[in-house]
Amino acid sequence: MPRPFSAYLRVYEPLSAFDAELADRLRQAVADGPLSRAEVGDRERELWLRSQLATPPRLLPGELSDGRPAPNAPLDVLVLDPAEVPTSDSATVGPGPLVCPLDLRPRSAAALVGFLSTSSGVLKAAALTIPADIARTRAGAVMAELHGGAVHVVSTTWTVPLPWFSLVDPDSRHVILAPREDGERQVAWRIAMADARRRVARAHSVVRESLGDNGPARVLKDTGRWLEHFHPHSAVELDYGGLVQLLDDETLLEDTSAQDVHAIVDAMESGDSDEVASRYEQLRDFWGELAGKERLG
C-alpha cells in the first residue's frame with residue numbers, strides 16, 4: 001500500500017521547551033527509538049484506522065471511548081540533529097536532540113472542528129456516532145490541552161501550499177533518490193526557526209502590499225503566527241512526504257518550486273510583473289499536474 005499522499009510542515013523543539021513531565025516522556029520516547037520519516041504516514045494511518053475499528057469507535061485516535069486520553073497511547077516523535085539544519089549567522093538551533101511530537105490526537109481534533117464547521121448536517125450525521133455539539137466540545141477540549149497552544153505538524157494532501165516555500169533556503173534542499181515505493185525516498189528542507197520567521201515575515205509584507213490581505217498573504221500570516229508558538233531555537237522542516245511517490249527522479253531533481261516562489265517575492269518587491277507571471281505559470285503547471293493525479297486516482 002502506498003504511503004498517504006501528504007506533505008508536511010514540522011517544528012522540532014529542544015527538550016528544554018517542554019514542561020518537565022512531558023520532557024521526561026519525550027526523552028524516554030527518544031531513548032526507546034523515534035519514528036523514521038519513512039514510517040510517519042503509515043503510522044498515522046494505522047492509528048486512525050485502529051480508532052475507527054474499535055468497539056465502540058473512538059472519536060479521535062489515542063483516546064478511550066469516553067474521550068479520555070488512552071493511558072497506553074504511544075507518544076510518537078521524530079528527532080532531528082541540529083547539525084542537519086543549515087543556519088544563517090543570526091540563527092541558533094538546539095541544543096539537541098530536537099524533537100517533533102506527531103500530536104496526532106490534537107491534530108485530529110483540529111481537523112474534526114474544521115469538518116464540523118464546513119460540512120452539511122447529513123454528512124455530520126453519517127460520519128459521527130455522537131451528536132455534533134458533543135463532538136465539537138470534546139475536540140475543543142483536546143485542542144485546549146495542547147502544549148504551547150499549537151500542534152507541531154501541519155499537513156496537506158496532494159500538494160504543497162506555495163507560500164510554505166518562502167520559509168526555506170532554495171539551495172539547501174535535501175534529496176534522497178530511492179525507488180518510488182521505498183519510504184526512504186525524500187525531498188525536504190530544514191530551516192532554523194529564526195530564519196523561517198524572518199523569511200515568512202518579509203514574504204508576508206511584500207505579498208500583502210502587492211495582492212492584499214487574502215489568499216497567499218493570509219497563508220503567510222497564519223504560518224508566521226503558528227511559528228511564534230515555538231521555541232526560538234527550534235528547527236522547521238518542509239517535507240514532500242508521500243508526494244515523492246508521484247514524481248520520477250528527473251522531475252524531483254528539476255523541481256524549482258522553492259526558487260520560483262522566492263523569485264516571485266523578489267519580483268513583487270521590485271514591481272516586475274512579467275517575472276511574477278512567468279514564475280507563477282511554472283508553479284501552476286507543476287503543482288496543477290500533481291493535484292490532477294488525485295482526480296485520476
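## The lining of the largest cavity

By class, the residues that line the largest cavity divide into 4 nonpolar, 3 polar and 3 charged, where Ala, Val, Leu, Ile, Met, Phe, Trp, Tyr, Cys and Pro count as nonpolar, Asp, Glu, Lys and Arg as charged, and the others, Gly among them, as polar. The lining residues are Arg3, Pro4, Tyr8, Arg10, Arg37, Ala38, Val40, Gly41, Gly241 and Gly242. On a 1 Å grid over the protein atoms alone, a cavity is a set of points where a 1.4 Å probe fits but cannot get out, a pocket is an open set with protein on both sides within 12 Å along at least five of seven lines, and lining residues have an atom within 4 Å of a point.

The structure holds 1 cavity of 30 Å³ or more, and the volume of the largest cavity is about 50 Å³, a volume being the space filled by probe spheres set on the grid points, which are joined across faces, edges and corners. Helix H2 gives the largest share of this lining, 4 residues, while E1 and H2 each supply at least two; helices (H or I, at least four residues) and strands (E, at least two) are DSSP runs, numbered from the N terminus.

Residues are numbered from 1 along each chain as its sequence is written, and side-chain values use heavy atoms, with hydrogens and water left out.

The average pLDDT, which is the predictor's confidence in each residue on a scale from 0 to 100, is 90 for the protein, and 99% of the residues score at least 70. Where pLDDT is low, the predicted coordinates should not be read in detail.

## Helix H2

Helix H2 covers residues 37–53, and its 17 residues should span 24 Å at 1.5 Å a residue, which agrees with the 25 Å between its end C-alpha atoms; the expected span is 1.5 Å times one less than the number of residues.

Its buried residues (under 20% relative accessible area, with exposed over 50% and partly exposed in between, using a 1.4 Å probe and protein chains only) are Ala38, Val40, Gly41, Arg43, Glu44, Leu47 and Ser51. These buried residues of H2 pack against strand E1 (6–14), strand E2 (77–80) and helix H3 (104–118), where contact means heavy atoms within 4.5 Å.

In the loop between E2 and strand E3 (98–101) lies Pro95, which a cis peptide bond with omega of about 5° joins to Gly94. Pro97 is also in the loop between E2 and E3, and a cis peptide bond with omega of about -5° joins Gly96 and Pro97.

Asp103, in the loop between E3 and H3, has a positive phi of about 55° although it is not a glycine, and Asp103 is buried at a relative accessible area of 16%.

## The largest pocket

The largest pocket has a volume of about 1,200 Å³, and of its 46 lining residues the closest to the centre are Arg107, Ser108, Ala110, Ala111 and Leu112. Helix H3 provides the largest share of this lining, 8 residues.

Key:
This is a predicted model: local features need pLDDT of at least 70, side-chain atom pairs count only at pLDDT 80 or more; totals for chains, interfaces and linings use all residues.
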